[in-house]
Amino acid sequence: MQTKHFYIARDASLIKPTNHLPEQHICLDELLSGQTIKQHPFELLSSLCEGAIAVDTACRIIWMSPKYRQLINIPEDKELIGTPIEELLPNTQLPRVLKSGKPTFVDLMQINGRWCVVTRMPLKDNDARVMGAIGFIFYTDLESLRPLFDKFARLKRQLEQQKLIRPSRYALDDLIGQSAIIQQLKRQARRAALLDTTVLLLGETGTGKELLAQGIHHASQRNGGPFVGINMAALPESLVEAELFGAAPGAYTGIDKNGRKGKIQLADGGTLFLDEIAEMPLSMQAKLLRVLQEREVEALGSNRLEHVDLRVIAATSGNLKQLVDEGKFRADLYYRLNVLPIRLAPLRERKEDIPLLCAHILQSIQQQAQIPALALTDSALAWLFQYSWPGNVRELHNRLERGCVMAEGTAIEPEDLGALDDLPCPDSAIVTGIDTDTSLTSLAETRLKAEQGALQDALQQTRGNKSSAAKLLGISRATLYERLKKSPDN
Ligand SMILES: Nc1ncnc2c1ncn2[C@@H]1O[C@H](COP(=O)(O)OP(=O)(O)OP(=O)(O)O)[C@@H](O)[C@H]1O
């Protein structure tokens, strides 16, 4: 196979890949080695555009054209060689080019508040090893493209209004925590955002898997595209196919004459978040595998394959490997999804994050509900530290919300957080400062009665639906069953 070289015309007006070597052209290798002409090759290239910047493999600036300096307001005498590019341009995509070794020929990028059309290319040595990357700005005056931008913005607004696309609400900075575990998680997520591969998020319920998925999308190059989420556990098996893969006109009675787009088609250009992936019916797994392998989707009732361009982030609170071993999850799909696994630690493994999380959550509750600021008493904080947090950050949020409602004074006490629900537990008794002799017996009885009353009320309200009753009470189904067993009637 013949290698393609880049050639530049002697009048410096054109760079194009070709297999021929016309006499009037200079090979770029020759040009970069400076054998042919006196002018620095980068300067020659930058004269073709509105600015250019080059970095080495460590993403440090090795060269910047004067026009680029002007665009980002850097004085001429300021030394930039060796500066990490992200310090100057936080949204730079050159690290991605270094990683992938692939160019992006046309992209839009905001530089110093101005939209620019940019091209990025890897710089490779004779053995095709990446030794740096170079970015060019071709247009900074995009007024002529204004009608196109306006149309794009209008269509995007329409889709958002129809709730067909949901912009990601969270960035990685919204992930609260100072622990080493959270810092490492954010570093992994930033690296995952740079790559365009499938990510598998593993963690118990409420650990922030969806929040992290949105953060990765937000930090990725796909952030201008949609973030589309679907929870496999919330869908009856019969609806999964149409919801996920779409349906052709006439696929089933009552369908719109234009057919129906599935979440996969809606995520085109962006990120598809498949929550509770372990719940995906086996019959649908082969179809999803095709999307991951071929980027092709076949709508229900159609025999046409549509190409889609998306990144998949899947999440599970279960053990996928075990399901594979039990034959309940396809091994080939598991390996396709498990390209970049990221584990989210439960809150009990990073309790040092609790005070910061509480501060953030309390502030947001108080702002939303427009109520005066409430602090946690020392004993409330102590209880938060000794509790095991089966529902993780979601449960912390629910308990703090409950605390804000129940608090009588200016501070939240352990019992406002539902700490007494966990009695009789010696630890709880210590942190709540409750005397564990005779008063505890009557308190426990009173609490049991009140609790059974609340359980019965919730069951009545939800017409006996235990899942909904548990949700209403802010407890898990398992806890609900456990508490029901304590009823004197049982
Ligand atoms: N580190 C964190 N910082 C701030 N908020 C968090 C953090 N982790 C989780 N949350 C919040 O906790 C709640 C639950 O998070 P999320 O829905 O992302 O969890 P999940 O792991 O996807 O849960 P599930 O498996 O039940 O769907 C959300 O309100 C989210 O914003």
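**Exposure, sheet and core**

Author: Asn73 counts as exposed because it has 7 C-beta neighbours inside 10 Å. A residue is buried if 20 or more other C-beta atoms lie within 10 Å of its own, exposed if 12 or fewer, and partly exposed in between, with C-beta atoms placed from the backbone. This is a predicted model: local features need pLDDT of at least 70, side-chain atom pairs count only at pLDDT 80 or more, and totals for chains, interfaces and linings use all residues. Residues are numbered from 1 along each chain as its sequence is written.

Reader: Where does Asn73 lie?

Author: Helices (H or I, at least four residues) and strands (E, at least two) are DSSP runs, numbered from the N terminus. Asn73 is in the loop between α3 (66-71) and α4 (85-88). Its phi is near 55°, a positive value in a residue other than glycine.

Reader: Is Trp389 buried or exposed?

Author: Trp389 is buried, because 20 other C-beta atoms lie within 10 Å. Trp389 is in the loop between α15 (378-386) and α16 (392-406), and has a positive phi of about 55° although it is not a glycine.

Reader: How do strands of a sheet pair?

Author: Strands of a sheet pair through backbone hydrogen bonds, either parallel or antiparallel. Two strands count as paired if DSSP finds at least two bridges between them. Here an open sheet of five strands runs in the order β10-β11-β14-β9-β15, with parallel pairing. Its edge strands, β10 (227-231) and β15 (340-343), each pair on one side only. Within the sheet, β9 (residues 199-202) and β14 (residues 311-316) pair in the parallel sense over four bridges, and Leu201 stands opposite Ala315 in β14.

Reader: Which residues touch the most other members of the largest nonpolar core?

Author: A nonpolar core is a set of buried Ala, Val, Leu, Ile, Met, Phe, Trp, Tyr and Cys residues joined through C-beta atoms within 7 Å. The largest has 45 residues, and those touching the most other members are Leu201, Ile216, Ile264, Leu272, Leu274, Ile313 and Ala314. Apart from this core lies another, of 21 residues, including Leu45 and Phe136.

Reader: What is Ile216 in contact with?

Author: Two residues are in contact if their C-beta atoms, placed from the backbone, lie within 7 Å. Leaving aside neighbours within four places in sequence, Ile216 is in contact with Ala189, Ala192, Ala193, Val199 and Ile313. Ile216 lies in helix α8 (residues 209-219) and is buried, with 31 other C-beta atoms within 10 Å.
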